[in-house]
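Have the sequence and the 3D view open while you read.

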Amino acid sequence: MQNSAVLPFGPNSDQSKIIDEIKEGMKENGYLCSDTIANVLYLAEKLQKPVLVEGPAGVGKTELAKALSGMKKAELIRLQCYEGLDEAKALYEWNYKKQLLHIQAMQGKDLDWEKIEENIFDEDFLLSRPLLKAITSDKPTVLLIDEIDKVDLEFEALLLEILSDFQISIPELGTIKAKNPPFVILTSNNTRELTEALKRRCLFLFLDYPDMDRELEIVKLKVPELPEHLAKQIVRVVRLIRSMDIKKSPSISETLDWARAIFYLGVDSLDRQTVETTLNVLLKYQGDMERVTQSLRSGLRV
Amino acid sequence: MEKQILGFINYLRKAGLPISVSETVDCFQALTHVSVFDKQAFKLALSITLVKDSVHLPIFEELFNLYFFGSAAQKAQELGIKPKDLNENFTYERPKNVEEFLERLDAAIENQDLNELSQLAEVAIDIQVDADQFSLIPGNLPGSGGSGSTAGEVLKKVNTLRALRQEEKNTGKIRIIEGLDSWLQPAEEEQMLNFFRAAVGEALQKRELNNRGLDLIERRIPNVNLQETDIITANYTQLEEMERAIKPLAKKLASRIAQKRKQARKGKVDIRSTLRRSLNTGGVPLDLRFKYPRPTKPELYLLCDVSISMTGFSAFALQLVYSIQNMFSKVKSFAFIDNTVEITDFFTNTDFNEALYRINREAKVVTGDGRSDYGKALVSFYQKYAPKIGSNSHIIILGDARNNRRPSEAWVLRELKSQVRRIYWLNPEPGNQWDTGDSIIGDYAKYCHSVYECRNIQQLSQVIPKLA
């Protein structure tokens, strides 16, 4: 081991350059990447591995995939997961009605059954659902599998083949391999423990609420017309509210909504009155609102 | 280098992270694409390939810092395993004097920069007072600062310094905080200082161990692997850290169970939906659709042993059970040592530890010598509350069933079993200690629907969902 001073891991001079490019590209598409996110995207690209993104609702998990597809000029194929999603809706389905029509149309002609059967299990009769579409696409694609934690366990197993080998096996047709391996992003709100097998195949990115600087940057990027000092106040208030013990913490998208609302109100500076009256943009539960209002009133020396 | 990383992975595994071989391979592959001189990229390459659960991220964070900067890192370097540059690149640029320290501290508080705060916490230990002069000892000299002082003392120093500085700056002027800031500023500052305080405590602990020449990682692993630490034998710091770990877990559990309840699929065939589906297949109902059952919510009765040995466990278990309380139409909790008292009203505020402490003082849970008497407690529960318990109820008992050789009065459970839907018992002792010594869990188990071993947080979080 002594000679391991020779690093097996090449210090890569390109790396930091590529990461800067990623950040720049994502910013152009309206997404502010932290170093962490940019690094994850870089590694995922290099390793050709799916990225599993987890975090509280509204921190920009889905947005990440959208911006990524914009940056890579790739088509975004989205599979929204829900309970009871099955392979017919996610992978492929035989177009039963078309097959039936085809058989009826063939009835007059002298064709033996084997021939017909061969015909109707052709790719023409295959309805591509998002996963198959992503695999067979000629163009580069970003495949977003949204809220993977909502599907049943069995469906997760179905994804394993796609995630590790970028291929799908259809019994009647054989294995279809990806022409362009899609860039896969899975998002999860962690309402259920995902299986080890799935997690093993992915890189894991935990997205939390951003730190103050980044959140401020995001507000400035998305609501550029808002004066700087107001943006800062907004972010500070949101962060303070997040630290309180409330039912639903305000997410980034709610911060942005609120920032826009404040902007349209045309105030110069945030005061108690403004915060109180616009709180319903930020908070979605009556109890939460009462709690914040109360704190606001007790903390303010009028 | 490979060896060193494998060593690190080994520590992670010891700390309870399930890392497979294929993940190790991924990790090495990822490392070929990043420069080891870029700390952040290096760390990230390890974390995204090895850590697959957000619960494990803090563990990774701590072990990474210890391993690559701690005493283990030095040891590895002595053995020549580690490229020197790595360590140098990872060092933090310390403030050079007290003035700079304060400036950076203020900036970190204002910008809510947690990273900087925890770094500064380590520096804060090195502030020395000598005849009213504050000075900062440069570098991480062995035996310097830290040892002997407490977090409170360090903070006092820092606070004095900050106050002095504030005075100097304002000379005569009174700062008026107006408007919204009067709400924001104090709260923010308090939050950041709280974080800083915790960080100082942690830094002191590390320094202490380091000065004693102990292997930090080996020492920290039991504290870090909270998921698998026995609750009843845990020491104070471990309990404190568990306390911190359990809050997000409770939240997670709550949303998970709501989900599971919906997914439970057993029920009658839904004729309407099945027929609608059958149109696709020419009227043949190939695909059966089911109606999802809508189970009625049971009532929950929780009985907790709150004797000293059990308090920690009861606090955690209660906290987790309460996280799933919306699965029940009503939750009532009771505490006992040798007498059962209803304690539901103590939990209106959610600090469970405080509530349990108050219960021990204010509720009449002891009538005798202060040692557990399950028999008496059960009888008193039965007499006082049983008539009001409906048939659609779950009873959960938290305790080790160590009865100090008193009569078990297990007939109470037999009676209750015929009256309610479910009786569960959660026992924090390892299974092999059941029915040894004065433990009479076997007597009670006969009349329980299930008895679960709940030694640690991991087991607890697996069992709780089964109770709904």
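Start with the place where the chains touch: chain A puts 60 residues into the contact and chain B puts in 61 residues. Keep in mind that this is a predicted model. Between chain A and chain B, about 5300 Å² of area is buried, and carbon and sulfur atoms give 55% of that. There are also 3 salt bridges between chain A and chain B. One of them can be found by clicking on Glu188(B), which pairs with Arg236(A), with the closest N and O atoms 3.0 Å apart.

Now for the helices. Two packed helices are described by the angle between their axes and the distance between the axes. Here are two pairs to look up:

| Helix pair | Angle | Axis distance |
|---|---|---|
| H1(B) (residues 2–14) and H2(B) (residues 21–31) | about 140 degrees | 12 Å |
| H10(A) (residues 212–222) and H11(A) (residues 228–243) | about 130 degrees | 10 Å |

The angle in the chain B pair makes H1(B) oblique to H2(B), and H1(B) passes H2(B) in a right-handed crossing. On the H1(B) side, the contact is made by Glu2(B), Ile5(B), Leu6(B), Ile9(B) and Arg13(B), while H2(B) brings Val21(B), Thr24(B), Cys27(B), Phe28(B) and Leu31(B). Sort those residues by class and you get 7 nonpolar, 1 polar and 2 charged.

What about the chain A pair? H10(A) and H11(A) cross in a right-handed way too. Residues from H10(A), including Leu216(A) and Val219(A), meet H11(A) residues, among them Val235(A) and Arg236(A). By class, this contact of H10(A) with H11(A) holds 6 nonpolar, no polar and 7 charged residues.

Definitions and conventions
Residues are numbered from 1 along each chain as its sequence is written. Chains are lettered from A and ligands numbered from 1 in the order in which they are written. This is a predicted model: local features need pLDDT of at least 70, side-chain atom pairs count only at pLDDT 80 or more; totals for chains, interfaces and linings use all residues. Side-chain values use heavy atoms; hydrogens and water are left out. Axes are lines fitted to C-alpha atoms, for helices over the stretch in contact, and angles run from 0 to 180 degrees between N-to-C directions. Helices (H or I, at least four residues) and strands (E, at least two) are DSSP runs, numbered from the N terminus. Angles under 35 degrees count as roughly parallel, over 145 as roughly antiparallel, 65 to 115 as roughly perpendicular and the rest as oblique. A crossing is left-handed if the near helix is turned anticlockwise from the far one by less than a right angle, and right-handed if clockwise. Contact means heavy atoms within 4.5 Å. Ala, Val, Leu, Ile, Met, Phe, Trp, Tyr, Cys and Pro count as nonpolar, Asp, Glu, Lys and Arg as charged, and the others, Gly among them, as polar. Buried area is the accessible area (1.4 Å probe) that two parts lose on being put together, summed over both. A salt bridge is a side-chain nitrogen of Lys or Arg within 4 Å of a carboxyl oxygen of Asp or Glu.
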